Amino acid sequence: TERLTSHQKLAEMPVVVGDIMKLLCSISEERKMKAAVKHSGRGALVTGAVAFVGGLVGGPPGLAVGGAVGGLLGAWMTSGQFKPIPQILMELPPAEQQKLFNQVTAIVRHLEWMDAVQLTTLVMGSEALQQQLLAMLVNYVTKELQAEVQYDD
C-alpha cells in the first residue's frame with residue numbers, strides 16, 4: 001500500500017470533522033479546560049428589570065434596593081457557568097466546527113495519519129503540537145465564542 005502525504009489525503013479522503021473535534025476534545029480534556037461564555041447582556045437585563053420592579057413597588061428607595069438585588073442576581077447568573085471545553089466543542093454548530101477543523105488541519109497538515117486514534121496519538125506525543133493546538137483553541141474560544149477559559153488543576 002502506498003502512503004499518501006497528508007495533503008493528498010486531505011484532497012482524496014474525506015477527513016471527518018468529527019475526528020478533529022475528538023482530537024480537540026482529547027487535548028482540552030487532558031488539560032481539564034473549561035470555559036464560561038459571558039452572558040453579560042443577560043446579567044444587565046436582570047439588573048435593570050429587578051431595579052425597575054423595585055422602583056415601581058417602593059419608589060426611589062425601592063429602586064436602590066431593586067438595583068442592588070438585581071445587580072447581585074445578575075452577577076450570580078453570569079458567574080460560574082463554566083462548561084468543559086469538550087462539551088462546548090461538541091455543541092458547536094457545523095459551520096463553527098468546520099472553522100475549527102480548517103484551523104487544526106493547517107497545524108497538523110505535515111503529519112501522516114489515517115484516523116482520529118492515530119492523529120490523537122501523534123499529537124499527544126508532541127508537546128509542541130499540543131501547545132499550538134491549545135493556543136489556537138484558546139484563541140478561538142475567547143475571540144469567536146467570547147468565553148473565558150479556565151484550567152482545573
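Mentor: Welcome! Before we start, contact means heavy atoms within 4.5 Å. This is a predicted model, where local features need pLDDT of at least 70, side-chain atom pairs count only at pLDDT 80 or more, and totals for chains, interfaces and linings use all residues. Residues are numbered from 1 along each chain as its sequence is written, and side-chain values use heavy atoms, leaving out hydrogens and water.

Trainee: Leaving aside neighbours within four places in sequence, which residues is L133 in contact with?

Mentor: L133 is among the residues with the most contacts inside the largest nonpolar core. Such a core is a set of buried Ala, Val, Leu, Ile, Met, Phe, Trp, Tyr and Cys residues joined through side-chain atoms within 4.5 Å. With those neighbours set aside, the partners of L133 are L23, I27, V104, I107, V108 and V123.

Trainee: Is T120 buried or exposed?

Mentor: T120 sits in helix α6 (residues 116–124) and touches L23 and S26, not counting residues up to four places away in sequence. Buried means under 20% relative accessible area, exposed over 50%, partly exposed in between (1.4 Å probe, protein chains only). T120 has 15% relative accessibility, so this residue counts as buried.

Definitions and conventions
Helix = DSSP H or I, 4+ residues; strand = E, 2+ residues; numbered from the N terminus.
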